[in-house]
Amino acid sequence: MYLQRLYRHHKGWFAFVVLFALGQLFICVRRGIVCTPFYQYGMYSAVEVPHQVYHVPSVTADTTTLSPADFSAARWDMVVEPLHRFEEANQWNRQIWSANIQRLLGVRDSVPYLNAALSSDQFFNWYKNYLSVILHRQVHQISSIKDLELVGEDSAQ
């Protein structure tokens, strides 16, 4: 048996393996404690059902429409995530302010605590420069930014 051979070979590793197995057993029995999520069977036991509609961001830089197929997943995230973050920033700041900061601290003036407002023009000037670095070419105009809806086969029927 493996544990017997490990015990004879190195008692320290034997103790580590046994304690690790007992710890995992404890975590699995408790199910509320998540210490090592990659060993939790419950995380992987549900069936993953495809969505009916997928939203795929489309960015047109100059005359070229950028496609997710032309980038690695990480590079595509670098292209589209700033757009999503900019859209969500002001809403998120106000939500955090009203839900947490104002309630906990009792402060009425939010100006010193929130991020400075960034106008659309400022953001898109920055984004053109940022996209130029990612694409390794100068981007002069961003003419289209939108989400395309891709409908799954089941919902088209």
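Student: What makes up the secondary structure of the protein, and in what order do the elements run?
Tutor: The protein has four helices and three strands. Starting at the N terminus, the order is α-α-β-β-α-α-β.

Student: Why is the contact between Asp 62 and Arg 137 called a salt bridge?
Tutor: The label needs a side-chain nitrogen of Lys or Arg within 4 Å of a carboxyl oxygen of Asp or Glu. For Asp 62 and Arg 137 the N to O distance is 3.6 Å. That value is within 4 Å, so the pair qualifies.

Student: What makes this a link between distant parts of the chain?
Tutor: Asp 62 sits in the loop between strand S1 (53–61) and strand S2 (64–66), while Arg 137 sits in the loop between helix H4 (120–135) and strand S3 (142–151). The two residues are 75 residues apart.

Student: Why are Asp 62 and Arg 137 called partly exposed?
Tutor: Buried means under 20% relative accessible area and exposed means over 50%, with partly exposed in between. Asp 62 has 23%, and Arg 137 has 32%. Both values fall between the two cut-offs, so both residues are partly exposed.

Student: How many salt bridges are there, and which residue pairs with Arg 85?
Tutor: The count is two. Arg 85 pairs with Glu 81, and their closest N and O atoms are 3.1 Å apart. Since the limit is 4 Å, this pair also meets the rule.

Student: How do you know that about one helical turn separates Arg 85 and Glu 81?
Tutor: Both belong to helix H3 (residues 73–105), and they are four residues apart, which means a separation of about one helical turn. Glu 81 has a relative accessibility of 26%, between 20% and 50%, and therefore counts as partly exposed.

Student: What is noted about the backbone of Asp 62 and of His 136?
Tutor: Asp 62 is not a glycine, yet its phi is positive, about 60°. His 136, also a residue other than glycine, has a positive phi near 60°. Asp 62 is in the loop between S1 and S2; His 136 is in the loop between H4 and S3.

Student: Why is His 136 called exposed?
Tutor: Its relative accessible area is 69%. The cut-off is over 50%, so His 136 is exposed.

Student: What makes up the nonpolar surface patch, and what qualifies Leu 19 for it?
Tutor: Leu 19, Leu 22, Leu 25 and Val 29 form a patch of about 430 Å². Leu 19, in helix H2 (residues 11–30), has 60% relative accessibility. Patch members need over 30%, so Leu 19 passes that part of the rule, and being over 50% it also counts as exposed.

Student: Where is confidence lowest and where is it highest?
Tutor: It is lowest in S3, with a mean of 68, and highest in helix H1 (residues 2–9), at 92. The average pLDDT of the protein is 78, and 68% of the residues score at least 70. Where pLDDT is low, predicted coordinates should not be read in detail.

Technical notes: Residues are numbered from 1 along each chain as its sequence is written. This is a predicted model: local features need pLDDT of at least 70, side-chain atom pairs count only at pLDDT 80 or more; totals for chains, interfaces and linings use all residues. Side-chain values use heavy atoms; hydrogens and water are left out. Buried means under 20% relative accessible area, exposed over 50%, partly exposed in between (1.4 Å probe, protein chains only). pLDDT is the predictor's confidence in each residue, from 0 to 100. Patches are made of residues with over 30% relative accessible area and no salt bridge: like charges are joined within 9 Å, nonpolar side chains (Val, Leu, Ile, Met, Phe, Trp, Tyr) within 5 Å. Accessible areas come from the Shrake-Rupley method with a 1.4 Å probe; for residues, only the protein chains shown count as cover.
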